[in-house]
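Have a go at each one before you read the worked solution.

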Amino acid sequence: MPEPKISSSSPNARDSVTVELVEFLSYLRSLDINIFVEGSRLRCNAPEGIITPELRAEISQKKAEIILFLKAANRTSSFTPTPIVPMGRDGNLPLSFAQQRLWFLDQLVPNNPFYNVPAALRLTGALNFSALQQTFNEIVRRHEALRTTLAVVSGQPVQRIAAAFHLPINVVDLRNLPKESRQTEANRLTAQEAQRSFNLSNDLLLRVTLLQLDDAEYLLMLNMHHIVSDGWSIGVLIQELGALYTAFASEKPSPLPDLSIQYADFAKWQREWLQGEVLETQLAYWRQQLNGISMLNLPADRPRPAIQSYRGKRQFLQLPKQLSEALETLSQREGVTLFMTMLAAFKTLLYHYAQQEDIVVGSPIANRNRSEIEALIGFFVNSLVLRTDLSGNPTFRELLNRVKEVALGAYAHQDLPFEKLVEELHPDRALNQNPLFQVAFALQNAPGNRLELPELTLSPQQLDVGTARFDLEFHLWERSPNSSGSNQSPSNKLWVDSSLGISGMVIYSADLFDEATIARLIGHFQTLLESIVANPEQRIANLQYLSAQERYQLLVECNNTQADYPQDLCIHQLFEMQAAGTPDAVALVFGEEQVTYRELNFRSNQLARYLQKMGVGAEVLVGLCCGRSLDLIVGMLGILKAGGAYLILDPSYPAERSSFMLKDAQLSVVLTQQQSVENLRSPNLQIVRLDTDWEMISQEIADNPTSAATAENLVYAIYTSGVHGKAERSGN
């Protein structure tokens, strides 16, 4: 049979087909659906329930094009991934790149709980404890990662895999407590277990605790270390738990086929494959993409601590159904995934918050793009660094295209582990923040539903572990498992009802942010999304994110500064009243210097008396040429107290500009500082240096002076244009 061909009448038509196909494959990958060719067959791996009949039909329809495209891609590449095969267990077994980074972090802060991966399941019904114990022992037998500890040989970490291991289930009976207190105690114990650290050298890296709340109600607490697990792995564990418990409760053998490879095989394969040309090709993209990367400077409630504590809190969000549907419609209309739309909106919010145009966000991706590793428990998840240029104040639609381009490029180069990227790029490292990005964003499929087992129902439970790995993490769930745009498989850490609309949670560093700040940020995100769907042609700087109440506070209440004051008094006289009332209060702050009202009043009084002796009085214009400093304010007040008016001369002006203003304004006196004297050239000009001449000025009396100036006299003059050179004047 002849090889299928993509028909086209022109190169442009062919390019259009290719782009459409690349976008479709990228869309599938964003759903954690992995398409690949084995021999002449098209293979597909996907989480359970993700592929809808409609999506399956579309894949089938494009099958010939996909096979041709993937084969062509392999032919144009000088490297093709070799299959992952079992290896011997003799000698030292290396860690994967991701494992090595977590091991290093554990060496910095030993036995910490920051990278625990906990999950809680509620069991309702008649529990067969023997079948449950048998189930977990079989899961540990099947997955070597759960029998792995880490040792150090010649300064390098290696995997040690136990041949067999009996997994104990810690049973805690809470039925002796009052019924109304049991759930509270269960919550305390699960939070305590989630925070209990693992010793990577000695501990089994899976712990199971069973809390019995009633005769037919239990809470099953699972805790694994991230070095042998990830979000997808929890899904694998729960699927196997359901299949094995069902079989063992009926006294049947395991229905699960043996695994073809183990995590140690993947780790060795990864290190052998990801080198040479393969590594350089991946690195070349990321070096260019992340060159000159900017750190995100989010405004925080407190300074960043010297060492990151990983203390975290979380808040939940729920978008209205109508808004969620509008976002899905916008994504479909623009030819992007829902993930891309939500990411573009999130980056727009960060753009407003941080006042930066170079926005970098990390995003997790399951990284299960090979059939051999789909069913393994292990640490495979990767972090993609998504950097977007928001300069030029683009419309949101234009920004969507930028985000889409960045996401597709990242998907195409996702095989480089984040840990290897950090190692190769050598970014500035610090103990108080994550390298390359400090904010993470993920859009996931709606979490799974409960499982019906023999005489037992298993329901996922929410769990707060009290930690945060980043400054800020946005985790969103789609309205249903079949919605578009997921960037990672279900993490199974939190199950939410997404029937109303897009749901989610925000995990944040308790070191940096207050609860009220995050609640306000969540509200801003929803308001921004509403502004986007209302008009995606708006420029991002004009997109509204403040609530109507906040806008009123900023535009009306904060500007309602009208106050009654004596109309017959001058500005300097009002200042003198304030100085008399609060003499010891701080009036002025400049860098590390502080000046009280008493001191500022005394200094300006001395300067005023000095100027009066030089002939300054009502309607006399005095030049003031000082940089931003305490002298600038002393000079203003001194001139006004003398009865005169001031004309600001910027020290950065060219000498010609300053000379013109001096002559045009007919100035005879100028207050300045020694460093600015050279710019002041005019015949018969009296120059007073507020820094070097102050010893002489300070000989004057510090009492409030009197002058002939009234509220009707001139206060200042200012030159508004260097073209026509005319000064504008203002009175008291």
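**Exercise 1.** In which strand is the place of His225?

*Solution.* His225 sits in strand S8, residues 217-225; strands are DSSP runs of E with at least two residues, and helices are runs of H or I with at least four, numbered from the N terminus. A word on the ground rules: this is a predicted model, where local features need pLDDT of at least 70, side-chain atom pairs count only at pLDDT 80 or more, and totals for chains, interfaces and linings use all residues. Residues are numbered from 1 along each chain as its sequence is written, and side-chain values use heavy atoms, with hydrogens and water left out.

**Exercise 2.** Work out whether His225 is buried or exposed, then list its partners.

*Solution.* Start with accessibility: His225 counts as buried because its relative accessibility is 2%, where buried means under 20% and exposed over 50%, with partly exposed in between (1.4 Å probe, protein chains only). Next, skip neighbours within four places in sequence: His225 is in contact with residues including Leu102, Tyr115, Phe198 and Leu205 (contact: heavy atoms within 4.5 Å). Finally, a polar atom of the His225 side chain lies 3.0 Å from the backbone nitrogen of Ile227.

**Exercise 3.** Find the residues with the most contacts inside the largest nonpolar core.

*Solution.* That core has 138 residues, and the answer is Phe136, Leu220 and Met342. A nonpolar core is a set of buried Ala, Val, Leu, Ile, Met, Phe, Trp, Tyr and Cys residues joined through side-chain atoms within 4.5 Å. Helix H11 (residues 338-354) gives the most to this core, with 13 residues.

Terms used:
Polar contact = N/O pair within 3.5 Å; in protein donor to acceptor, adjacent residues only side chain to side chain.
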